[in-house]
Amino acid sequence: MERALPFAVLISGRGSNMLALAAAVAENRIAGRIVAVISDRADAAGIAEARRRGLIALVVEAARGADRAALGKELTAALERHGAGLVVLAGFMRILDAGFVRHWQGRLLNIHPSLLPAHRGLHTHRRVLEAGDPRHGCTVHFVTEELDAGPAIIQGRLVVKPGDTEQSLSARVQQLEHIIYPRAVGWFATGRLGWKDGKAIFDGRPLESPVIEDSP
Ligand code: GRF
């Protein structure tokens with residue numbers, strides 16, 4: 001697959017989304033190939049899992065220091081060395097500096113466990129329960145300089161049930177993540193999804209609201 005989109009996945013933890021992306025590549029649901037899995041933590045479980053699958057997995061050294069810009073530079077160097085044409089954040093728990101985000105603008109995706117713009121930031125499942133939200137889910141979006149605020153591409157949506165807990169929501173949201181992230185990366189790989197003038201472009205038109213994947 002010579003023309004397959006080379007992409008990299010950035011993780012900090014277990015890497016279940018990275019594994020869902022790797023499975024989608026293996027099953028030809030994404031016309032792409034993972035050129036590197038990169039973590040800011042040597043002990044991320046996803047690093048070992050990636051290596052077990054024969055993927056190139058790296059740990060960025062600058063993550064040990066406090067300087068955000070240094071981390072961004074080291075990441076960009078590693079990404080370019082491996083020829084990444086798309087950067088997929090999948091549970092990468094570091095805030096990326098503005099220089100990094102600008103450099104990769106339009107080629108940088110994230111997945112967030114809420115129906116953005118609701119509940120940016122951390123502890124989304126708890127906040128959904130506290131707010132009594134009837135629905136919850138996850139969003140794939142282009143990353144811009146403002147945290148969790150870039151143009152949304154696709155949302156997986158579920159109904160919050162009586163008796164739901166943080167754990168049950170987290171498990172159901174993750175199942176949806178594993179569906180919508182490979183789909184979005186697949187769209188990017190075939191050119192259905194792109195970026196122009198600060199907007200997500202889908203099938204040649206600006207995407208005014210995200211594609212919705214509903215689940216019971
Ligand atoms: C996901 O829930 C994602 O929404 C958030 O971090 C989590 C990563 O999980 N950004 P995993 O490492 O992919 O299992």
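Helices (H or I, at least four residues) and strands (E, at least two) are DSSP runs, numbered from the N terminus.

## Basis

This is a predicted model: local features need pLDDT of at least 70, side-chain atom pairs count only at pLDDT 80 or more, and totals for chains, interfaces and linings use all residues. Residues are numbered from 1 along each chain as its sequence is written, and side-chain values use heavy atoms, with hydrogens and water left out.

## Two backbone details

Asn28 sits in the loop between H1 and strand S2 (32-39). Its phi is positive, about 60°, although Asn28 is not a glycine.

Leu116 and Pro117 are joined by a cis peptide bond, with omega about 15°. Pro117 belongs to the loop between S5 and H5.

## Ligand shell

Around the ligand stand Arg14, Gly15, Ser16, Asn17, Gly91, Ile111, His112, Pro113, Gln174 and Glu177. A residue counts as near if one of its heavy atoms lies within 4 Å. By class, this shell has two nonpolar, six polar and two charged residues. Ala, Val, Leu, Ile, Met, Phe, Trp, Tyr, Cys and Pro count as nonpolar, Asp, Glu, Lys and Arg as charged, and the others, Gly among them, as polar.

The side chain of Ser16 places an N or O atom 2.6 Å from a ligand oxygen. A polar side-chain atom of Arg14 is 2.8 Å from an oxygen atom of the ligand. Ile111 uses a backbone N or O atom, 3.0 Å from a ligand nitrogen. On its own the ligand has 370 Å² of accessible area, and the protein covers 86% of it. These areas come from the Shrake-Rupley method with a 1.4 Å probe. Helix H1 (16-26), strand S5 (108-112) and helix H6 (166-190) each give two or more residues to the shell.

## Largest pocket

The ligand takes the space of the largest pocket. A pocket is an open set of points on a 1 Å grid over the protein atoms alone, where a 1.4 Å probe fits, with protein on both sides within 12 Å along at least five of seven lines; lining residues have an atom within 4 Å of a point. A molecule sits in one if more than half of its atoms lie within 2 Å of its grid points.

The largest pocket holds about 1000 Å³ of space. Its lining has 39 residues, with Gly91, Phe92, Met93, Ile111 and Pro113 nearest the centre. H6 gives the largest share, five residues. The lining divides into 13 nonpolar, 16 polar and 10 charged residues.

Notes:
A polar contact is a pair of N or O atoms within 3.5 Å; within protein, one must be able to donate a hydrogen and the other to accept it, and residues adjacent in sequence count only if both atoms are side-chain atoms. Grid points are joined across faces, edges and corners, and a volume is the space filled by probe spheres set on the points.
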